[in-house]
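Here's a quick tour of a fold, for anyone who likes to look before reading. Have the viewer open and follow along.

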Amino acid sequence: MESRDVIIVGSGHGGAQAAIALRQNGFEGSVLMVSQDSELPYERPPLSKEYLSGDKPFERILIRPKQFWVDKGIELRLGVEVVSIDPAQHEVTLGNGESIGYGKLIWAAGSAPRKLTCSGADLKGVHAVRTRADVDTLMHELHEGAKKAVVIGGGYIGLEAAAVLRKLDCEVTLLEALPRVLARVAGEELSVFYQAEHLAHGVDLRLETMVDCLEGEDGRVARVHLHDGSTINADLVIVGIGIVPSVEALAAAGAVCSNGVDVDGSCRTSLEDVFAIGDCAAHRSRWARDTVTRIESVQNANDMATAAAKAICGAEQQDYAAFPWFWSNQYDLKLQTAGLSVGYDATVLRGDPATRSFSVVYLRDGQVIALDCVNAMKDFVQGRKLVEEGAAPDPKAIGDTGIPLKELAKS
């Protein structure tokens with residue numbers, strides 16, 4: 001049976017960065033990256049933004065060109081799934097029946113889009129936005145004349161897709177089951193602002209709206225039926241209702257899995273010589289009141305990848321505490337988030353949303369724990385320090401745009 005010193009499962013940001021970081025930290029052993037995706041490692045955030053809109057060709061969202069992987073001696077085995085792990089024998093089994101031994105295993109399989117459970121969910125024309133293949137299929141349908149789009153889910157993926165579809169002159173109806181968009185990740189001030197923006201751009205936004213089923217014609221989605229009995233005609237449907245961590249093989253092998261797979265400060269799972277990083281890995285976060293949490297972001301995937309690589313290269317036990325940050329592009333708005341707003345008990349609005357440049361600052365027990373900054377780069381950069389040091393400035397000073405946030409830091 002063939003074997004590799006390190007096998008990396010997954011070719012997204014985490015998997016690619018793990019391979020890169022191994023070489024950067026002097027690892028000279030054999031490295032194999034295995035991925036269900038048939039493409040070279042590429043960036044995922046542009047899929048719902050610049051790639052879908054046609055502003056960036058695929059070549060421009062590759063994490064590295066093909067020759068890079070060759071030059072670094074990183075083997076890619078694409079279009080194949082790891083279906084099981086034998087932690088005692090240190091081997092993985094692929095979907096084609098092949099088994100490969102490993103010295104260390106880095107699980108960077110990420111997550112899968114959560115699917116609708118109603119009837120009609122498997123009709124043609126119903127899309128996720130997770131892979132290049134997903135978006136290529138969607139783009140083909142748009143080029144073939146699809147004009148009426150229904151987006152289910154008012155999180156970032158749904159909002160970003162809706163913004164791009166409006167740019168492409170589609171009729172867009174966005175359905176959100178909760179009373180406001182971004183309800184799980186942001187305060188009401190930000191939700192209200194983005195709701196108004198999408199309405200102003202012609203999106204038919206419907207809150208507290210539940211889908212009953214999808215109806216098709218000749219195997220293709222044609223209508224969306226709602227719980228209130230109404231119907232929306234649809235040429236295509238985009239489903240953005242969250243993700244499910246891809247940890248089935250780890251759980252079956254005996255890894256401790258709660259919300260994803262549990263890892264320590266060096267990204268080790270409970271299985272010997274098995275690490276996990278990115279969307280699927282749950283770690284104890286100082287930024288979330290020391291609770292075990294998963295963070296779904298490029299930043300977290302990259303930083304966890306580096307932590308795992310350093311551990312494999314011999315670094316002492318670490319306490320993973322990388323600062324979390326996120327971004328979202330919608331229309332001409334750039335949202336940048338610093339920190340985690342989990343458990344906030346107060347917010348301060350800094351600036352006027354009518355100017356389309358403002359920040360929402362989140363407090364807990366008087367301390368700044370996070371900021372959402374819309375077209376406000378300085379607030380994002382300077383506010384990060386407030387979060388990192390647990391600053392507790394006067395809320396009136398926070399809201400005064402004449403006072404730079406850096407002046408409110410402790411040092």
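Predicted model: local features only at pLDDT ≥ 70, side-chain atom pairs only at ≥ 80, totals over all residues.

Elsewhere, the largest nonpolar core has 54 residues, and another core, of 41 residues, lies apart from it.

- β8 runs parallel to β15 (residues 236–239), and two bridges join the pair.
- Look for histidine 127, which stands opposite isoleucine 238 of β15.
- As for what holds such an arrangement together, strands of a sheet pair through backbone hydrogen bonds, either parallel or antiparallel.

**The helix on top of it**

- With 12 residues, α5 reaches 17 Å from its first C-alpha to its last, close to the 16 Å expected at 1.5 Å a residue.
- Buried residues in α5 run from Gly158 through Leu159, Glu160, Ala161, Ala162, Ala163 and Val164 to Leu165.
- After the helix comes aspartate 169, with a positive phi near 70°.

**The nonpolar cores**

- In the 54-residue core, the members that touch the most others are Ile7, Ile8, Ile85, Val92, Trp107, Leu250 and Ile277.
- Helix α8 (residues 298–312) gives this core its largest share, seven residues.
- Take isoleucine 85 as an example: leaving out residues up to four places away in sequence, its contacts are Glu91, Val92, Tyr102, Leu105, Trp107, Ala249, Leu250 and Ala253.
- The separate core of 41 residues includes Ile61, Leu138, Leu205 and Ala370.

**A loop residue worth a click**

- Glutamate 81 sits in the loop between β3 (74–78) and β4 (82–86).
- Buried, exposed or partly exposed: which is glutamate 81? Its relative accessibility is 39%, so glutamate 81 counts as partly exposed, since that class lies between the 20% and 50% cut-offs.
- Glycine 95 is 14 residues away from glutamate 81 in sequence, yet the two are 5.3 Å apart in space, C-alpha to C-alpha.
- Glutamate 81 also touches Gly95, along with Gln36, Thr93 and Leu94, not counting residues up to four places away in sequence.

Definitions and conventions: Residues numbered from 1 in each chain as written. Heavy atoms only, no water. Pairing = 2+ DSSP bridges. Helix = DSSP H or I, 4+ residues; strand = E, 2+ residues; numbered from the N terminus. Expected span 1.5 Å × (residues − 1). Buried < 20%, exposed > 50% of the residue type's maximum accessible area, 1.4 Å probe, protein only. Core = buried A, V, L, I, M, F, W, Y, C linked by side-chain atoms within 4.5 Å. Contact = heavy atoms within 4.5 Å.
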